[in-house]
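I opened this model to go through its helices, its charged pairs and its rings, and I kept notes as I went.

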Amino acid sequence: MNIAYWIVAGLLALFYFYAGTLKVIRSRDQLRPIMAWVDRIPLPALRALGSVEILGATGMILPPLTGVAPALAPAAASGLVLLQAGAIAVHLTGEDRRIALNVGLITTAAVTIWLATRL
């Protein structure tokens, strides 16, 4: 279970760290081709979402790695599940109906939660 956790959580953390960093440092014009919904939310909210994604990625890796407050890992993954649930709502209320990635991320985060409780 330990190896499975590190594989799943590591890949999920890499994705969220990358996506969050893009949201924090890139402009709306640079994000628009890959994220069609960026015009529907204020820029400070977009930056906050990116920060939450970076913190969630860090929260899945750092606590189990250091042994300090390892219960934060499933909490971080749970937060990412909630984040993606909100992302699905944003996609479905707009014109963009592509939610397959979001569903995949929710599923992967749920598996990470389950694996984290088995560590």
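The entries below follow the order in which I looked things up.

**Ground rules.** I am working from a predicted model, in which local features need pLDDT of at least 70, side-chain atom pairs count only at pLDDT 80 or more, and totals for chains, interfaces and linings use all residues. I number residues from 1 along each chain as its sequence is written, and the side-chain values use heavy atoms, with hydrogens and water left out.

**Helix 1.** I began with helix 1 (2–25), taking helices as DSSP runs (H or I, at least four residues), numbered from the N terminus. Helix 1 has 24 residues and spans 33 Å from its first C-alpha to its last, close to the 34 Å expected at 1.5 Å a residue; the expected span is 1.5 Å times one less than the number of residues. I then listed its buried residues, which are Tyr5, Ala9, Leu12, Ala13, Tyr16, Ala19, Gly20, Leu22 and Lys23. For this I used relative accessible area with a 1.4 Å probe and protein chains only: buried is under 20%, exposed is over 50%, and partly exposed is in between. The cover over these buried residues includes helix 2 (28–31), helix 3, helix 4 and helix 5, where contact means heavy atoms within 4.5 Å.

**Glu53.** Next I turned to Glu53, which sits in helix 3 (residues 43–66). Is this residue buried or exposed? With a relative accessible area of 5%, Glu53 counts as buried. I looked for its partner and found a salt bridge with Lys23, the closest N and O atoms being 2.8 Å apart; the term requires a side-chain nitrogen of Lys or Arg within 4 Å of a carboxyl oxygen of Asp or Glu. This pair joins distant parts of the chain, with Glu53 in helix 3 and Lys23 in helix 1, 30 residues apart. Both Glu53 and Lys23 are buried. I also noted that the side chain of Glu53 reaches the backbone nitrogen of Gly20 at 3.1 Å. Apart from neighbours within four places in sequence, the contacts of Glu53 are Tyr16, Ala19, Gly20, Lys23, Leu80 and Leu83.

**Other salt bridges.** How many salt bridges does the structure hold? I count 3 in the structure. Arg32 forms one with Asp29, where the closest N and O atoms are 2.7 Å apart, and the side chains of Arg32 and Asp39 meet in another at 2.8 Å, N to O. I therefore wrote down Asp29, Arg32 and Asp39 as linked in a network of salt bridges, and checked their accessibility, because Arg32 at 33% is partly exposed. The structure holds 2 aromatic pairs. Tyr5 and Trp6 form one that is edge-to-face, at 5.3 Å centre to centre and 80° between the planes. I count rings of Phe, Tyr and Trp (its six-membered ring) as paired if their centres lie within 6.5 Å, with planes under 30 degrees apart stacked, over 60 edge-to-face and the rest tilted. Tyr5 is buried, with a relative accessible area of 0%, while Trp6 is partly exposed at 29%. The ring centres of Phe15 and Tyr16 are 5.6 Å apart and their planes lie at 85°, so this pair is edge-to-face too. Phe15 counts as partly exposed at 32% relative accessibility, and Tyr16 counts as buried at 0%.

In the loop between helix 3 and helix 4 I stopped at Ala69, where phi is near 55°, a positive value in a residue other than glycine. Ala69 counts as partly exposed at 39% relative accessibility.

**Helix 5.** My last entry is helix 5 (residues 100–116), which has 17 residues and reaches 24 Å from its first C-alpha to its last, close to the 24 Å expected at 1.5 Å a residue. Its buried residues include Asn102, Leu105, Ala109, Thr112, Leu115 and Ala116. They cover an arc of only 145° around the axis, which puts them on the same side of helix 5; the arc is that of the directions from the helix axis to the C-beta atoms. What covers the buried residues of helix 5 includes helix 1, helix 3 and helix 4 (72–93).

Definitions and conventions. Helix = DSSP H or I, 4+ residues; strand = E, 2+ residues; numbered from the N terminus. Polar contact = N/O pair within 3.5 Å; in protein donor to acceptor, adjacent residues only side chain to side chain.
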